[in-house]
Amino acid sequence: MLPKRNLHFIGVDFGTEYKDALLTAINTIKGNKKCFILIEGVLFFLDREETDNLFDFFNIVQNKGDIIGSASFQDELKKSLAFKRLLLFFGEKVAKTKASDYQTIQDEFYQSRANYSLMDHQEYFSLSKTYNHKIRLQKELILNEHFYLLLKTKF
Ligand SMILES: C[S@@+](CC[C@H](N)C(=O)[O-])C[C@H]1O[C@@H](n2cnc3c(N)ncnc32)[C@H](O)[C@@H]1O
């Protein structure tokens, strides 16, 4: 179980000019403490420019030794039946969209972040092995999310 924490919620739209206000808010809360950033399920909805900006922002927030945990999907996701079904579901329940509206990210994005080194890369199938999770669905029906840990190695 996680220890009790004070949680602060700061709503931000990464498509706007958010950096100055968000940095001030984070610095007030974080001070000089160590910092782990987790981003899960969001990059799929951003474009590459917003994503580059966001990771540049993480670099400003973090110090050497801090870590980013990031989850995203790779290009081959879009060939899967699971993704085709997701598009249909969004089309029926949310809004009509096309495959190119959703961002996928290859390993090179994480391997080439200035000041960071890639510590670990896992995905649904490798973690299922690690945690002894029995996969019951066909591979085609799984949205295979990839998980990356980036260590900030330079100031
Ligand atoms: C599938 S949910 C993932 C939720 C996430 N795992 C969490 O625990 O908050 C997708 C999230 O992406 C966020 N999102 C999408 N576009 C965004 C944007 N331009 N700026 C900020 N957040 C965005 C949505 O608000 C939503 O909370």
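**Ligand shell, core and fold**

Guide: The residues around the ligand are V12, D13, F14, G15, E40, G41, V42, F45 and L46; a residue counts as near a molecule if its C-beta atom, placed from the backbone, lies within 6 Å of it. This is a predicted model, in which local features need pLDDT of at least 70 and side-chain atom pairs count only at pLDDT 80 or more, while totals for chains, interfaces and linings use all residues. Numbering runs from 1 along each chain as its sequence is written.

Visitor: How many residues of the shell around the ligand are nonpolar, polar and charged?
Guide: Ala, Val, Leu, Ile, Met, Phe, Trp, Tyr, Cys and Pro count as nonpolar, Asp, Glu, Lys and Arg as charged, and the others, Gly among them, as polar. Here the shell has five nonpolar, two polar and two charged residues.

Visitor: Which residues make up the largest nonpolar core?
Guide: A nonpolar core is a set of buried Ala, Val, Leu, Ile, Met, Phe, Trp, Tyr and Cys residues joined through C-beta atoms within 7 Å; buried means 20 or more other C-beta atoms within 10 Å of the residue's own, again placed from the backbone. In this model the eight residues are L54, F55, F58, I68, Y110, Y116, Y148 and L150. Helix 2 (48-61) and strand 4 (145-152) each give two or more of them, and helix 2 has the largest share, three residues. Helices (H or I, at least four residues) and strands (E, at least two) are DSSP runs numbered from the N terminus.

Methods: A residue is buried if 20 or more other C-beta atoms lie within 10 Å of its own, exposed if 12 or fewer, and partly exposed in between; C-beta atoms are placed from the backbone.
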